[in-house]
Amino acid sequence: MTLLHSALAGGEWIGDADRLRAGTTGQILCHRVAAPSTLGTFLRSFTWGSARQLDQVAGEALRRAWQAGAGPGPWPVTIDVDSTHCQTYGLQKQGATQVDRRGERGYHPLLATVAGSGDVLGSRLREGVANTGRGAASFITEAINRARRAGATGPICLRADSGFYAHKVIDACRKQGVTCSVTVKLTKAVRKVIAQIPEQAWMPIPYWLDGGADVAETSYRPFGRKGRVMRLIVRRVRPTPAPSSHCLRLRLPRRCHRP
């Protein structure tokens, strides 16, 4: 309860919970306010199974909230999947002893949130040196299933950056019957496909610079023979003082929507 009340009060670190020990706060909260050292011992006792149990509790809380009217119901839902970096400062923390590509020690968790509302569908802690897309396919499957169990009955679209551009991720979306929009890595094969887009296919889009950006759609088969033909949406931007590059979005065909 000390950890919960500290989080509700805006605490971000274990040490922040010490603020709750001031004055008669314990009488107001109606429980003993634990010291930060006690909280640390408590948290270190958690196992992977404990984390999964808490994850189930979070899923049940989301289901109840959505059933009470906070959910999307039959309306379309966009799920954003991304990774983040959580820096640590100890040299012996499990999973954070090595230096990652950012030159830091820490963790590299996955997060799945609902676009617009910011509802968290799931999180998965990983070691700091984990690749962005490691374990993403199973994590995405869990997030989609959780959204449906919570009451999302409308079409679902998954959105991710190029760190999740992998055959397993696309295949997971296809198996779940959802569409996806994933940024494509600009490889030689993709450049070749872009070069074949006729000039009349480009259409101007709103941009801070008049006539500075266009968009076109073509088809592309990612991942060689393992993939299938998909929509490739390309945005091109005029050269500006700040270097810009193509922004590519790979989408599953609309027919993959659930009926």
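## The second largest pocket

Among the elements lining the second largest pocket, α3 gives the most, with four residues. Helices here are DSSP runs of H or I with at least four residues, strands are runs of E with at least two, and both are numbered from the N terminus. This is a predicted model, in which local features need pLDDT of at least 70 and side-chain atom pairs count only at pLDDT 80 or more, while totals for chains, interfaces and linings use all residues. Residues are numbered from 1 along each chain as its sequence is written, and side-chain values use heavy atoms, with hydrogens and water left out.

The second largest pocket holds about 290 Å³ of space. Its lining has 13 residues, and M1, T2, L3, L4 and F42 are the closest to its centre. A pocket is an open set of points on a 1 Å grid over the protein atoms alone, where a 1.4 Å probe fits, with protein on both sides within 12 Å along at least five of seven lines; lining residues have an atom within 4 Å of a point. Volume is the space filled by probe spheres set on the points, which are joined across faces, edges and corners.

## The largest pocket

Now for the largest pocket, with a volume of about 2,200 Å³. It is lined by 38 residues, and L43, F46, A51, Y107 and L125 lie closest to its centre. Here α4 (48–70) gives the most to the lining, with six residues.

What kinds of residues form the lining of the largest pocket? There are 19 nonpolar, ten polar and nine charged residues. In this count Ala, Val, Leu, Ile, Met, Phe, Trp, Tyr, Cys and Pro are nonpolar, Asp, Glu, Lys and Arg are charged, and the others, Gly among them, are polar.

## A look at R238

Find R238 in the loop between β10 (230–237) and β11 (247–251). R238 has a relative accessible area of 48%, so it counts as partly exposed (buried is under 20%, exposed over 50%, partly exposed in between, with a 1.4 Å probe and protein chains only). Leaving aside neighbours within four places in sequence, R238 is in contact (heavy atoms within 4.5 Å) with D210, G211 and G212. A polar atom of the R238 side chain lies 3.1 Å from the backbone oxygen of G211.

C30 is not a glycine, yet its phi is positive, near 65 degrees. With 68% relative accessibility, C30 counts as exposed.

F223 also has a positive phi, about 60 degrees, without being a glycine. F223 is partly exposed, at 23%.

Conventions
Polar contact = N/O pair within 3.5 Å; in protein donor to acceptor, adjacent residues only side chain to side chain.
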